[in-house]
Amino acid sequence: MNHRHKLYLLLIIVAAAALSGCSSIGPKPWQRDLLSRQDMQLSGNSLDDAIDEHLYFSKEASSGGRSFGGGGCGCN
Amino acid sequence: MQLKPDANGARGRLIAASCALLSATAARGGETSNSGTGGVLADWSLDSALAYYHEDGRIQAIEPVVNVRKTYADGGTLDLDFTFDSLSGSSPNGALSSREVQTFASPSGKSLLVARHLYSVAPGELPVDPNYHDQRFALGADWALPLMRLLRASFGTKLSYEDDFFSASANAALARDFNQKNTTLSFGVNFEGDSLRPIGGTPLPLSEYSLFEKTGNKSKDGAGLLLSVTQLLSRSWVTEFNLSADRFSGYLNDPYKIVSVIDGGGLSKGYLYENRPDTRTRKSAYLENRVGWERASAALSLRYMTDSWDVHSQTAQLHVRGWSAERDRYLEPTVRWYRQTAANFYTPWLPSAAAQDAAFASADSRLGAFHALTYGLKYGVHLDDKLAREGSEFSVRIEYYIQSVDHGATAPGTLQGLDLYPSLKAVFVQVGFSY
């Protein structure tokens, strides 16, 4: 087993442990009033995010991360 | 000549569908959703914006964007996006400032002898093509649907058209909830095919600019993966961690960018068209945390990206939203910090002694080392009562962006003392309306 395989195995173990550990944390279904607010949504400002991504994509070498980055041209 | 990245793509749709289900309980228990409209419109929502972008002495752009969403009874959503861009102004052509007057041809030009297509740049000025203009139309459709109680899927497609560029992409994702829906794992794939038809033809890589050696159309293709974990940590805290990778291959040059060839005394010896490697693999890690209070919320996102061109970048962004006592208005200041290292073939100029040996070279400042700061402020007013519809909002957003070069190489001879790496300053204004 080389280093890369060991790293993958470690990642899988950590992910499984994290998932099982997550079972005891987090709110109950009736405690999600704040989380249901629009400003608490991870994609709550999707139009703003899309416009910002477009701007930064045209001016910087990085894009994506939040979602797919796109290959684009950005020739300006 | 841009393609909007899929910032609102498959993973976002799945989260939105998840949140629609999540908030359904609150809506049923308290307020009445879309109470005033009823009928067919009750299932539809509109999100629109008009954005204006202005760079100091360079590009300006105007961009209307419209998103229409239909929400189904089972929590599924159908999104249709329409985007139009109109860009004009002056675009850097990659050449270096000089002590002498420099003359270039617009992309449609075929010779430096035909005055109709020429433009000149004064000594000390950054060479920019003053006649840059472009328009883009983009259409997107995304469909998110529940498959089982804890499993959702989404499918999306996007088309983008410009005079010299066409792109088509498709994506699909699966999301599974765990732990009383406090944990969500999702996995998505994206495929993209692009066609490039540069104005005036595609220049031969690293060919002498004055010879106008050009060929036909080009293409590039890409595929990407995205793995995401979302965790509700408490009643007021949600976190998300994404790992993504993509690979593009084909024609990855900017066909309009050139590189100055400079001798040891700083004098221009001509220009070459740029050349980049024909594959690029990118990997990124993204972490976002959102925390809410009764009348405020904060979102902090961090991103690290690296690619096979040796670009490494870090991004940190913070939004803080404060609500009025009636919760009908809010102010949201934003600050963003970004830094990147240079691509391993980036060079502001090519020394004349080494120009013939170069395999790859680009003077595109977007591939250089720099850092950037964005400051922004958003003001929003809820119009739920006035329009008798929940979720109605009018907003105004303004941002200021400044980009400064890091580790700029010292120029030889007569170029010393010139501002070879001017900072980029831009103002961005957006008016938004949701219904």
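Predicted model: local features only at pLDDT ≥ 70, side-chain atom pairs only at ≥ 80, totals over all residues.
Local features require pLDDT of at least 70 and side-chain atom pairs count only at pLDDT 80 or more, whereas totals for chains, interfaces and linings use all residues; side-chain values use heavy atoms, with hydrogens and water left out. Residues are numbered from 1 along each chain as its sequence is written, while chains are lettered from A in the order in which they are written.

**View 1. The interface between chain A and chain B.** In this interface, 52 residues of chain A are in contact with 105 residues of chain B, contact being defined as heavy atoms within 4.5 Å. The two chains bury about 6600 Å² between them, and 55% of this area lies on carbon and sulfur atoms. Buried area here is the accessible area (1.4 Å probe) that two parts lose on being put together, summed over both.

View 2. On the chain A side, α1 (3–22) and α2 (46–59) each supply at least two residues that touch chain B. Helix α2(A) gives the most to this side, with 14 residues. Helices are DSSP runs of H or I with at least four residues, strands are runs of E with at least two, and both are numbered from the N terminus. Seven salt bridges also link chain A and chain B, a salt bridge being a side-chain nitrogen of Lys or Arg within 4 Å of a carboxyl oxygen of Asp or Glu. Glu55(B) and Lys59(A) form a salt bridge in which the closest N and O atoms are 2.6 Å apart.

**View 3. The salt bridge between Asp49(A) and Arg66(A).** The side chains of these two residues meet at 3.5 Å, N to O. The pair links distant parts of the chain, with Asp49(A) in helix α2 of chain A and Arg66(A) in the segment after α2, 17 residues apart. Asp49(A) is buried at a relative accessible area of 11%, and Arg66(A) is likewise buried at 12%. Buried means under 20% relative accessible area, exposed over 50%, and partly exposed in between (1.4 Å probe, protein chains only).

**View 4. The salt bridge between Asp364(B) and Arg366(B).** The closest N and O atoms of this pair are 2.8 Å apart. Asp364(B) is buried, with a relative accessible area of 2%, and Arg366(B) counts as buried at 10%.

**View 5. The salt bridge between Glu326(B) and Arg329(B).** In this pair the closest N and O atoms are 3.7 Å apart. Glu326(B) is exposed, with 56% relative accessibility, whereas Arg329(B) is partly exposed at 35%.

**View 6. The setting of these pairs in chain B.** Chain B comprises two helices and 23 strands. Buried residues make up 50% of its 435 residues. Among contacts in chain B between residues at least 6 apart in sequence, 63% join residues at least 24 apart.
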